[in-house]
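Visitor: I would like to learn how to read helix packing and charge pairs in a model. Can you walk me through it?

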Amino acid sequence: MRLTSLGHACVLIETGTERILFDPWLTQRLDRFWEHHPPLPGDLVREVLDEGVDYVVLSHHHYDHHHFPSLLGLVDGADVDFDDSPRQSSEVTCVYPAGPVPPTLTASGLGHQAISWTLRRFGFERLRPVTPGDTLTTPGGTTLRTFPSAVSFPEMSVLVQTADASVMLCGDALLHEDTVAAFQRADAPRIDALFVPAHSISPPGVLTERRPLTDADTIRAHAVANFDRYLASIPATVTVPSSFGWRISGEDGHDYAWCNKTMFPFTPAQALRRLGELDRDGLLWGPGQVLEVAHGKAVPADGPVAPGAYDFDEVYAEITLDPATPVPPFDASRDRYGHQTRDAGDMLRELLERLVATDYWYRALDDGAGRHVVSLYEDDGTETSFLLDPVADRVTRLGPGLARSHVTGAEGWTEMAASTLEAMLGADLLFGSSFALWASNGVLLSAVFHHPSFYTRHVERALREANGA
């Protein structure tokens, strides 16, 4: 096998008979908040994918693995194609996880059920949903064995096997007991190269509530323990800390560099050092670098970017946890998006209407609770707080000032700019790309903006943009 990194969790595997692309995110920016780090070299995607692909494998539905503009770039006739030769989407087989679980409206939009609809809407015709745990064999003789993730929605790791090599890509998956059991068996498969997620759960509240970082040692210890459990469960010739090829980077003059020092307790560089402590062979790679895997060995090889071209200590120093980094307070006069054209009260009444039939709404009716204080900073410079009551179906003006100053009991709170709320209600701002544009201790906005109607509107927007409209 020949493996080429396209950054983050995106890998092209060439088996000699087939080209298999995993978790495509093929643009420098994911959205207005995240970007590839290290950056994608300007012509890398064109150079690596010029011959097209036979398979696209999606580990799960989150936007950094199921990225609309990147998928559209693989479709024949798309204006965003990588060159002038058409891509035959009808000949590309898409493999993705499915399963008998209720819809889960988790980060980046609609749940996993939307993958097949989205792929068809983008023009892909050959779809192969799998239940994590299934195995499929390609016409070229490559085996794709899938393993479940310990999450509430279908997500999978994938073991890719040929006669010469065996590589396991774990994406973002949390280690599942079924995976552990599979590698404890006497007939457990040999792994030449194991790609283990090195990202970890970010410290709570830093971004969403602008809470100062506390107890960094415990947070990092938890991340290390997750990584160690992977290593103890799955032996491999070489382990590559993976699925961590990004940084937070705001657009339009927004400076979120502080996030990169407060959100990531365990970087790939730290994971590589941990491998050394445990006497496990490991390596790091970046966009454009190549690994050749055969006969029990995985070694760097010449590719678009030479082995050794990246100084990974320097790369990851920028996103290494530093407890001394101050977390600035949220300021809706600065942390905002767009321009306001609608009345603040009208927008909040629409927000309350869109809350109807969400999980949040049902829980509020059952508990007689769910009241939420929202303050909106308006373009005229005023800041006003309102009480949203889903049980009484009422929006009440409380007065000037921040939401937190008007909380009197068990109410949740959210502070944001009116222009940001207007952009979100108009589907001009993808929910997953909106973090840092408000501060909140509740999930009211998540309940509203993970609604399927917003997801479908973002798909249609991606189509219009790809067609130059």
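**Helix packing and salt bridges**

Guide: α3 passes α12 in a right-handed crossing. Keep in mind that this is a predicted model.

Visitor: How is a pair of packed helices described?

Guide: Two numbers are used: the angle between the axes and the distance between them. Here the axes of α3 (residues 114-122) and α12 (residues 452-466) come within 11 Å. They cross at roughly 25°. Angles under 35 degrees count as roughly parallel, so α3 and α12 are roughly parallel to each other.

Visitor: Which residues in α3 meet α12?

Guide: From α3, they are Ala114, Trp117, Thr118, Arg121 and Phe122. They meet Tyr455, Thr456, Val459, Glu460 and Leu463 in α12. The residues of this contact divide into six nonpolar, two polar and two charged.

Visitor: Now the charges. How many salt bridges does the structure hold?

Guide: Side chains of opposite charge can pair when their charged atoms come close. This structure holds 23 salt bridges. One of them joins Arg185 and Asp187, at 2.9 Å from N to O. Asp187 is exposed, with a relative accessible area of 53%. Another pairs Arg190 with Asp192, the closest N and O atoms being 2.8 Å apart. Arg190 is partly exposed, at 47%, whereas Asp192 is buried, at 0%.

Visitor: Are Arg210 and Asp335 buried or exposed?

Guide: Both Arg210 and Asp335 are buried. Their side chains meet in a salt bridge, 3.5 Å from N to O. The pair links distant parts of the chain, 125 residues apart. Arg210 lies in the loop between β12 and α5. Asp335 lies in the loop between α7 and α8.

Note on methods. Residues numbered from 1 in each chain as written. Predicted model: local features only at pLDDT ≥ 70, side-chain atom pairs only at ≥ 80, totals over all residues. Heavy atoms only, no water. Axes fitted to C-alpha atoms, helices over the stretch in contact; angles between N-to-C directions. Helix = DSSP H or I, 4+ residues; strand = E, 2+ residues; numbered from the N terminus. Parallel < 35°, antiparallel > 145°, perpendicular 65-115°, else oblique. Left-handed = near helix turned anticlockwise from the far one by under 90°. Contact = heavy atoms within 4.5 Å. Nonpolar A, V, L, I, M, F, W, Y, C, P; charged D, E, K, R; others polar. Salt bridge = Lys/Arg side-chain N within 4 Å of Asp/Glu carboxyl O. Buried < 20%, exposed > 50% of the residue type's maximum accessible area, 1.4 Å probe, protein only.
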